[in-house]
Amino acid sequence: MIDAAHLWLIPALPLLAAGIGALTPRSGRRLASGAAIAAMAGAFLLSCLALQRALADPAAHLYANFTWFELGDGAVRLGWLLDPLNAFMCVMVTFVSLLIFIFSLGYMKEDANFKQFFCFLSLFAAAMLGVIVANSLLLLFISWELVGVASYLLIGFWFHKPAAAAAAKKAFLTTRIGDLGFLLGLVWLYDATGSLLLFDGGHGVLESGVLGDLATQVLASGLAVPTAISLLIFCGAAGKSGQFPLHVWLPDAMEGPTPVSALIHAATMVAAGVFLVARVFPLFAADQVLAAGPLHALTVVAAIGAITALLGAVIAVAQDDLKRVLAFSTVSQLGYMMLALGVGSWVGAIFHLLTHAFFKALLFLGAGSVIHAAHHEQDIRRLGGLSRSMRTTFVTFAVGMMALAGVPFVFSGFWSKEAILHAASEWDVSHLPFYATLIGVVLTAFYMTRLLCEVFRGAPRSPAAAHAHESPRVMTIPLAVLAIGAVALGFLGTPVWPWLQSRLTGTPIPARPLLEGGGLMGLSIVLVALGLGAGWALYGRRVRLTATAPDPLAAAAPRTWAFLGDRMKFDSLYAATLVRLNAFVAALADFLDRRVWGSAVGFLARFAEFTGVVNSEFDDGALNGGFNAASEDIRRTGRAYSRAQTGETHGYLRTLAIAFVALALLVLLGGVR
Amino acid sequence: MSPLQFCLIFSGVLFSVGLAGALARSNAILVLLGIELMLNAANLNFIAFWRYGPASAPATGVIFVIFSIAVTAAETAVGLALVIAIHRHQRSIRLQEATRLKG
Amino acid sequence: MNAVLILIALVTVGTAIAAMAGRNLLHSVLLLALAWTGVAAFYLWAGAEFAAFAQVLVYVGAISMVVLFAVLLTRRSRDEAAPGPAGQSRALSAVMAAAAVAGVLVGAILRSPLAASPGPAPAVTVRQLGAELMGPYAAALLAVGVLLTVALIGAVVLAAGDRTGQPEDNP
């Protein structure tokens, strides 16, 4: 039986593997990859045991705190936490990571830096697991930053490609903007409560006593303190989870190797933000008791989530790069999760997070399999016809696509999305997020149908696609396992049997009959069918014949299409505003320096020069005669002494040492006082 | 030998090691590091006297060390910048060759 | 005096000697980082936690990194060629000078009547340190701040060199 005090083993195992990977020589490919996979398998088993322990008493938060170090009279304490929420997360992260590691064996086989890749992967997984099991926001933040570093290393893994290096930098800096807010939030929280532990026998920041105190504090501007802290923490979550307006890093991060995309953009890093908000959900909800507050933190979360969900889905329609379509669909799905958090259904968010991790990892790995087979061709206009040559990949990819699109009853995405729709429809603040999710459902089904038809139907439209053949077993078996998960996971949380929901909250949730929300479910089915039908009508019935043929939608509305294809010009917008603002300020400072201060200084200098000239005339004429004679003597002495100045530093130092010894001996032996 | 004496001797030996390094090596970076070691030995003395010395203001020794560390940081930054400048001018950081300042 | 102190001293001096005598510059820097950690351990042992953390942060964290950068930037130089006779004689004289200094120091320490107070380490809290820094030592703190700023700018100017890329006073 595993307890909270043993929980550190879960991140420690991959960390150990990363250490082994770092120390093995470049040729130690088997050792590095073997250590990484073995450690991940061990961590998975431990996570299963932890889940079993947590489910034995789902309402309890088991924790083990310890003192990290003491500083004067204060102590910094950290801890590990075990409850159903993070036990489920642990199992999901370790399982999906394990499959991705195995897939990488095949995908990265020919890479010269194979062993570094596994070292970085292990480091990343260790950091992510650290985020999950931490019982202290400080520990969580440390791991959180480690996730950032590891993602930088992984996204920029092919650093010889300039685009990859730039993408890594962009991801790092963009998430750092959010992390700054997170850090400020932590400092403020510590100042307000005196603790960063989540649970600590009544003194932790998530426990009712502390939260109750916190909720009574209101700032001068009328903003409640917990609202402000929550919004700062949300900055960090939005950065990591690619929420609007910090979503720009996520699509660029596709420059990394595809297993990295699967790991970062499906199961772990982007999920970290959603997990963080779910983890500290009581803090976000603390201001709900204040009816008078001008703004509730969760309202902001819901609004950002809704914007992101819609935005990602719209942009994904017009992307031509296989991985970028998936990237924007990830942005959109993360928006769904944030929205669920915002409308108060953190359980729904976690449910969608878990199912999304499986089917999105499946889709990314499937894309990886396609890219691997087609010699790194990832433009969907130049692929096509792969359903015949890559049978397994096609079937599993189709399963993932239907799960993401939310095809009813069989696939997990349907159930988790239904949970979010249900929560959004019941939110009493505004119905706009609900409408956003409905539009998102149509668009998701549409663009995924487009993707599937373009890649797998018709005839190959480039030599690379024509010569593609199925990937090796080591890559297809993880796909098959994930496909099973993408179907089966949905049944853990259906309305008629809400097992996952009741375990997560620790209180039994009454089952809803399927037909009670019948109108909503029917609506959702109709919308999915609409999206699938539209996609089939545009891309399935008449397949694209050549790589250069224009997209049917592009032909209909070329300007909108170009606008969307350019990702709604967010990058250009940032370049035009933020970057230019920066340049403007720099230019202004330069102008002030050169013209304003510079001319003032210049004037003073002229004046000084003028007085100097007057002075020197006086000197030369009147005073110098006597001094010249005297200075000749000084010059001669100086010349004599300057011979000792060899310019050799060692000589000076040695002279110093000898002089010191001589003086000391004089004092000690000679008795000079 | 009292603990204080032991600490002082520890510091003295560390100082001498740094001095030997600074005198013996020709690489400018190593010379700089030897000097760092000597400064560390001096800091060690502060703490030793703070710990065992006659009671005075309780924080003085630590504050001295903090200031000393700050000054050392500045010194290292400038020192290494000088090393890099020397390297740029003569493609070498052997100190014997950096004798252009001789009188 | 206890075994921990002796161990710390041995490790620190040992790594320092190895660093100063080593042939590989990178190894020297890493060994020195160990020696600095040893000094930090001594501070911890003596009860000066704050100084120990400052030591770790500044030396092990920052200075060793900067030194590593400098080592890598100046790597192409013909450093540490085989020690010729001149190098050997210099090393010998260096060790002799250092030994003389060590002898004088140890002799002086052993001969001095040092009154060691056997009591526990004076307790200093971070709050106290902060109050001292902001109170009686505020002027010194400001001076150190200015010094650090000036050193930083100076280092940048020195290391960045002239714009044109021409060594300004090459004969």
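A salt bridge is a side-chain nitrogen of Lys or Arg within 4 Å of a carboxyl oxygen of Asp or Glu. In this predicted model, local features need pLDDT of at least 70 and side-chain atom pairs pLDDT 80 or more, while totals for chains, interfaces and linings use all residues. Residues are numbered from 1 along each chain, chains are lettered from A, and side-chain values use heavy atoms, without hydrogens or water.

The count comes to 10 salt bridges over all chains. One of them joins Glu255(A) to Lys161(A), with the closest N and O atoms 3.4 Å apart. Glu255(A) lies in the loop between α9 and α10 of chain A and Lys161(A) in the loop between α5 and α6, so the pair ties together parts 94 residues apart in sequence.

In chain B, two helices (DSSP runs of H or I, at least four residues) pack together.

| Helix | Residues |
|---|---|
| α2(B) | 28–52 |
| α3(B) | 60–90 |

Their angle is about 175° and their axes, lines fitted to C-alpha atoms over the stretch in contact, lie 10 Å apart. That makes α2(B) roughly antiparallel (over 145 degrees) to α3(B). Contact (heavy atoms within 4.5 Å) involves residues including Leu32(B) and Phe64(B).

Technical notes:
Axes are lines fitted to C-alpha atoms, for helices over the stretch in contact, and angles run from 0 to 180 degrees between N-to-C directions. Angles under 35 degrees count as roughly parallel, over 145 as roughly antiparallel, 65 to 115 as roughly perpendicular and the rest as oblique.
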